[in-house]
Amino acid sequence: MNVYYSEAHRKHDPPFELFDGGLRTPYMENPDRMDKILDALHATEWAEILEPTGFGLEPIYTIHDKDYIDFLASCWAEWLASEAIDKSTLLPATFALRRHPQKPTSLLGRAGYYIMDLSACIVEGTFQAARASANCALSAAEAIVNGKRTAFALCRPPGHHAGKDYAGGYCFINNASVAANRLSMKGKVALLDVDYHCGNGTQDIFYERADVLTISLHADPNFEYPYYAGYANETGTGAGLGFHKNILLEKGTDDARYLQALEEALMLIRKFEPSCLVVSAGMDIYADDPLGTIKVSTEGIGEIGKRISALGLPTVIVMEGGYNNEALGRNIVSFLGEFE
Ligand code: SP5
Ligand code: ZN
């Protein structure tokens with residue numbers, strides 16, 4: 001299996017994030033995650049690790065607002081030139097509600113406009129890492145266009161919380177969306193998000209489109225991040241009405257309940273008859289994930305992979321979350337192994 005991976009992620013290594021109550025915590029979405037996955041992939045007979053191709057900014061501008069991408073490109077230099085006392089990571093303390101806010105020109109004003117929470121920390125290497133991560137997803141999409149059955153984009157930072165004009169939840173550029181948009185030039189695409197958290201950014205990006213069916217299985221946002229999207233009554237709008245589906249999971253969801261929810265998603269995908277599939281693969285559904293509250297086992301993750309693979313569709317698998325680093329390697333291998 002082609003696995004696209006870039007070392008550029010290493011320089012995106014924020015010193016901390018803030019949890020509720022302002023608790024400073026070591027950054028959960030850290031470079032070590034990739035090392036654990038790479039170790040596990042190297043131990044298989046089927047993973048071929050490849051450098052991504054550079055696709056430039058054009059495919060990213062198709063998905064994200066140019067002003068937002070320009071912000072990501074310039075904010076670090078502006079931060080270093082600013083009056084801030086602790087410059088170890090750019091993190092604003094005021095956030096724009098998307099209720100027709102004005103767009104300020106100052107750095108912290110724009111940071112709070114373009115960032116939705118205290119986990120999307122920006123450091124010097126963030127933009128380069130995010131671009132390389134998107135290139136991994138685009139390279140995987142390209143492999144599918146060129147006839148491969150499956151390809152894995154080992155993306156870091158992840159992408160599914162990043163919307164048209166905002167970063168959030170460790171995400172800056174929506175890798176899976178950029179890949180799905182590329183694939184949509186060849187026919188209808190289904191995008192299935194199995195990360196523990198709602199793929200709010202992906203939902204936002206394709207909400208008005210009928211040619212990309214988006215489905216997200218996730219913890220009920222009434223109790224879990226990202227809180228403000230991911231409810232069952234959000235089904236798309238305009239031409240996209242009926243082409244988005246949220247499937248909500250309760251705390252403690254086990255393998256059997258998860259697989260039942262997955263079957264609902266797979267049925268919708270079959271009915272849609274897409275030309276190919278993108279999977280936002282977050283391993284934070286795992287029972288011992290430090291951010292998750294559901295209880296899917298490593299074997300359950302394998303079964304999820306098996307059932308998705310049984311759709312028989314050309315498939316791009318994109319890495320999203322998963323924060324139990326010790327289990328990350330075996331969980332990813334359990335999932336991907338079913339596509340070989
Ligand atoms: C890609 C991805 O999985 N992003 C997840 C971002 C979640 N950020 C919110 C973290 C809230 C942490 N709450 C503390 C719970 C610790 N038990
Ligand atoms: Zn997640």
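The model is predicted: local features need pLDDT of at least 70, side-chain atom pairs count only at pLDDT 80 or more, and totals for chains, interfaces and linings use all residues. Residues are numbered from 1 along each chain as its sequence is written, chains are lettered from A and ligands numbered from 1 in the order written, and side-chain values use heavy atoms, without hydrogens and water. Ligand 1 takes the space of the largest pocket.

**Ligand shell**

**Polar contacts (N or O pairs within 3.5 Å)**
- The side chain of Tyr323 places an N or O atom 2.5 Å from a ligand 1 oxygen.
- For the side chain of His197, the distance to an oxygen of ligand 1 is 3.2 Å.
- Gly169 uses a backbone N or O atom, 3.0 Å from a nitrogen of ligand 1.
- The protein covers 76% of the 510 Å² of accessible area that ligand 1 has on its own (Shrake-Rupley, 1.4 Å probe).

**Largest pocket**
- Its volume is about 1400 Å³, on a 1 Å grid with a 1.4 Å probe, as an open set with protein on both sides within 12 Å along at least five of seven lines.
- The lining has 45 residues, each with an atom within 4 Å of a point.
- Closest to the centre are Met116, Asp117, Tyr225, Pro226 and Tyr228.
- Helix H7 (200-206) and strand S2 (17-18) each give two or more lining residues.
- H7 gives the largest share, three residues.
- The lining counts 21 nonpolar, ten polar and 14 charged residues.

Terms used
A polar contact is a pair of N or O atoms within 3.5 Å; within protein, one must be able to donate a hydrogen and the other to accept it, and residues adjacent in sequence count only if both atoms are side-chain atoms. A molecule sits in a cavity or pocket if more than half of its atoms lie within 2 Å of its grid points. Grid points are joined across faces, edges and corners, and a volume is the space filled by probe spheres set on the points. Helices (H or I, at least four residues) and strands (E, at least two) are DSSP runs, numbered from the N terminus. Ala, Val, Leu, Ile, Met, Phe, Trp, Tyr, Cys and Pro count as nonpolar, Asp, Glu, Lys and Arg as charged, and the others, Gly among them, as polar.
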